[in-house]
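User: I'm new to this and would like a close look at just one part of this structure, the open sheet. Could you walk me through how its strands are arranged and what lies across them?

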Amino acid sequence: MLDERTREIDVETGAADEGLARFASPDLLRHMVLDLRQMKSFIDAPLVMARAEGIWYWDVNGKRYLDGISGIFTVNVGHANPRVLAALHQQIDQICFAPPLHATNIPAVQLANLVAEVAPGDINTVKLLSGGSEATEAAMKLARQYHRQSGNPLKYKVVSLYKGFHGATLGALSATGLSRRKAIFEPTLSGFVKAMPPTCHACPFNLSYPSCGVTCVDQIERIIELEGPETVAAVILEPISNTGGITTPPVEYLPRLREICDRHNVLLIFDEIITGFGRTGQMFAAQTFGVTPDIICMGKGMGSGYGPLAAIAFRDHVAAAFWGDDEDNVEFAHGHTFGGNPLSSAAGLASIREILDRDLCANAREIGDHLRARIQELAPLNVITDVRGKGLLIGMGLKKDAAAGVPFPAELRFGQRVGHRAIGRGLIVRADPDWIALAPPLTITRAEADELFDLFAECLGDELAVSR
Ligand SMILES: Cc1ncc(COP(=O)(O)O)c(C=O)c1O
């Protein structure tokens, strides 16, 4: 079978079993739809992975790629992690399914307890789910039901940020602030209000930090006041926004947002689907920024991609509103068939233990600092405007003349050209027209980080030579 055949790739030389290349044939691929991608052009330049290990992938032609983005901010413990593979093999012989409707299972119980242990503050209650969009939807539903059951039935609105992304399903999309992801599906749900994001590299108020006084966070309070605090249930945001261009908020932003939410009895939801599980150098960005939200949404790196796994975890005062006798009917009125699946839970458990035992948070800080220092070496190119993010979540703004602030022509889509060139050279990064992100597995070594940097620098320099 495929798995057996992929083993036939020679790790050293990358030589592939020739038979695998047929999985990239148009005849087979034309039956598929991938994410946000025109299949007609994908079929012309297909990328079909056959095997992965550590920070590396091999495609069906035996070509090797350095995974500079952890799948997609997901494979925090690296590909083919022996500990996670062993946990999966062991679990598969025990039980593969026990739905969360009338029962649970051992790895799910262990996982919920471990998440409660590593989550900040009094975040002690965990609902296991299967994907990030499920998590953000569940968090917003939890917030609405929480207020209904604690004497504030009119609180239902959700405030979120322009440029933020919270998932592809309709509720999650309603909180998403990217027109290019949602305009085609509108109208989305009512009751969702947007605020300007803390994108200091492109301030929506044309101000500069710190003289701006972090006005963007004050605007959220104004919005809550203007909407009527008695109608606002929650604020949801990514502590560091990916789609905003790896936007790190000013240091005062999240603490002040916490105060604003407290003042108006609004639940603060951190969408940590990218930032969770060591990515920013602490288990959660909540700890990196020293702010405990009421609800954390987690996904992606929670199970490192070894099984579909996500969750919401929430504070004791929120959980208390859902605790009662059967007749009280206060249980969370929400669920999904695959939540807490034993295989996904076993993968998540092993992955989080790996992060803890190997102190991958420290590695994320150390290698993140190292990569940031190396990126400074590219200053003479005068193309990188700033380096954003925390730990091993690194974003770089790109301009034609970084010092003078002159952008590339929009139609050039410079960052994406660098991304395409990188794939040709065997490096996968997250590329947007005017920024690029690096987020390799948290297991990456210093030597591997140097290899990543050298490849990236080469692609950036070569693209610059033909694009400027
Ligand atoms: C911040 C954030 N929230 C939510 C999601 C949705 O997660 P999923 O694709 O697992 O539904 C994503 C996915 O990229 C994300 O980046």
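Analyst: The open sheet here has four strands, and their order across it is β11-β12-β15-β14. The pairing between them is antiparallel. Keep in mind that you're looking at a predicted model.

Now check out the ends of that order. β11 (384–390) and β14 (430–432) are the edge strands, and each has a single partner strand, so one side of each is left with no neighbour in the sheet. As for how the strands are set against each other, neighbours in this sheet are turned by 15° on average, if you ignore direction.

β14 pairs with strand β15 (residues 435–438) over three bridges, in the antiparallel sense.

What about the helices? Helix α15 (residues 360–376) lies across β11, β12 (393–398) and β15. Relative to β11, α15 runs at about 180°. Then there's helix α16 (residues 414–425), which lies across β12, β14 and β15. Its angle to β14 is about 150°.

Definitions and conventions. Residues numbered from 1 in each chain as written. Predicted model: local features only at pLDDT ≥ 70, side-chain atom pairs only at ≥ 80, totals over all residues. Heavy atoms only, no water. Pairing = 2+ DSSP bridges. Helix = DSSP H or I, 4+ residues; strand = E, 2+ residues; numbered from the N terminus. Axes fitted to C-alpha atoms, helices over the stretch in contact; angles between N-to-C directions. Contact = heavy atoms within 4.5 Å.
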